[in-house]
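Trainee: I have a chain to go through with you. Can we take it in short questions and answers?

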Amino acid sequence: MRAQGYLPQSIPQRTPHVAPPVDAIHTPILAAMQRPSEALSPVRIQQPTLIATFSYDAEKRLCLDDRSKRWYRDPPTNANHGNGTGKAADLNYGFESFEDQPHIPDPLDSVLYTLMRRSMLPTAPPPVAGPNLIPSEALEMEVLRANVITWRGILTKLCTAWSCHVQAPPMFREGFELNVMMLGDTLIMEEVPPTVEERTALSNKSKSMKQRRATYFGYSFESYCTLDTSHPIDPEKVTEFSASPAGWGADVNTNQQWCHIVKTRLGDSRLILGGEVDCVKTEKANEKGKESVLELKTSMVPRNEQDQMMLQVKMLRMYMQSFLLGVESIVIGFRDPKGTLVTHEQYRTTDLPRMVRNKPGQWNANDNLAFGSCIIQWLRQSIGRDMERWSYLVSDQLKLKEQNHGRYPWRVHRTTTSFLGHLPLPCVEDAEVDYPIYRVSFQPPFQELTLRYIPPVELQLDGRRANRCGIVPSEFYRWATTPMEDIH
């Protein structure tokens, strides 16, 4: 019979009923990376390849299918005379019933579960008409040998950090804090979730009416631009039997999302990224009905040079969010101050860097991508060294205990040929109690990134540590590792 897991006494046990003061558990900085004073050399980036999709339904439940996929259609604007109805979209429609939820970053569970399940199932038809998905048997190895698995939004934060400095426009001056773990050679990253106390405070904190309305305008624009069917609908016939305005697709439900998972490469790092996509557009000129993926954004109609500059600045995040996930085009809906949709424009994602060149709000895509790659390399090296030290320390302690408690059920990452894949890992039960998690921070005055180890007692403050090894579900840890005795 296999021995049960046990932990050396030197590894701290969790006490979930007691929340110690944060100051009492703050750990020292493990490593720091200075922001370069000059731009870095450009790095290679591979065209993202779609490897899996999933949906969230109206209750935010994970569904391993494409039920939340939506199709694009032109929205009614002043410029196109409401698509023949004579009425432009009023982005205020439905605002009274809109419930704006506080931002609580999602864990990476949906991406990890989708990758696990997809690798076990027969190869499915492509969710976006065009190239086929990679075979299921190949997907498993792509996941196990990835250097980074994270959300597209997190990689966007890393890449746009180059443009984040004290002299930058205010919307660029946003830092970040991420939780990072290393499993084998793979960095797994998530945005730091709020503690239980912080989550309560967020739910009680209300935005101003102006902020809520601005947020809603974006969701409303998506509704006017999308349908849950690829077949066009006559807007006049819809309004004939509906109380909704012409062109309205569906009431806003922020839970429903259709998400893509892609593989790509940035510099020397293999990446797997997950992120929401808004819709697809069927290319009628293509005989096979190829679909292209679109990102939908809203912005105020530029009224002066200052507005033009702010739009140019906003385009950096638009570009990164779309480019990193393989989204080919961005549709921007331009509205007036009252929320009436004036016009809309479609841009090729790859054209945005050229559009802002030598403009007041200019930015350089290559500089930002190179800095993102540099951060990833620094994290891989810094965390890799500390993980190797931790693994040897824990294994030495456990080997001593084997003399009294019997054979320990060691595990090892399934890619044993990788740098850290050959190192012994604790069994699932012990990894749930303590597996190294690190926090990378980039805060004002934005001169350096810092990395520190986060003890389990600090992690538990967010209230979502149950059935987790580090920041991943225990089921994924079990899937990505194997009993060491099985590899001999």
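Mentor: Start with a definition: buried means under 20% relative accessible area, exposed over 50%, and partly exposed in between, with a 1.4 Å probe and protein chains only. This is a predicted model, where local features need pLDDT of at least 70, side-chain atom pairs count only at pLDDT 80 or more, and totals for chains, interfaces and linings use all residues. Residues are numbered from 1 along each chain as its sequence is written, and side-chain values use heavy atoms, with hydrogens and water left out.

Trainee: What percentage of the residues of the chain count as buried?

Mentor: The chain has 488 residues. Its exposed surface comes to about 23600 Å², by the Shrake-Rupley method with a 1.4 Å probe. Carbon and sulfur atoms supply 50% of that area. The share of residues that count as buried is 50%.

Trainee: How many helices and strands does the chain have?

Mentor: Helices are DSSP runs of H or I with at least four residues, and strands are runs of E with at least two, numbered from the N terminus. On that basis the secondary structure comes to 13 helices and 20 strands.

Trainee: Is helix 4 roughly parallel or roughly perpendicular to helix 10?

Mentor: Helix 4 spans residues 152-160 and helix 10 spans residues 365-405. Their axes, lines fitted to C-alpha atoms over the stretch in contact, lie 7 Å apart at an angle of about 110°, on a scale from 0 to 180 degrees between N-to-C directions. Under 35 degrees counts as roughly parallel, over 145 as roughly antiparallel, 65 to 115 as roughly perpendicular and the rest as oblique. So helix 4 is roughly perpendicular to helix 10.

Trainee: Which residues in helix 10 do L155, L158, C159 and T160 meet?

Mentor: Contact means heavy atoms within 4.5 Å. The residues of this contact divide into seven nonpolar, three polar and no charged. The partners in helix 10 are N368, L369, F371, G372, I375 and I376.

Trainee: Is H81 buried or exposed?

Mentor: H81 lies in the loop between strand 4 (71-72) and helix 2 (109-120). Its phi is positive, about 55°, although H81 is not a glycine. With a relative accessible area of 58%, H81 is exposed.

Trainee: What is the relative accessibility of N83?

Mentor: N83 sits in the loop between strand 4 and helix 2. N83 has a positive phi of about 55° and is not a glycine. N83 counts as partly exposed, at 36%.

Trainee: Where is P445?

Mentor: The peptide bond from P444 to P445 is cis, with omega near 5°. P445 is in the loop between strand 16 (437-442) and strand 17 (448-454).

Note on methods: Ala, Val, Leu, Ile, Met, Phe, Trp, Tyr, Cys and Pro count as nonpolar, Asp, Glu, Lys and Arg as charged, and the others, Gly among them, as polar.
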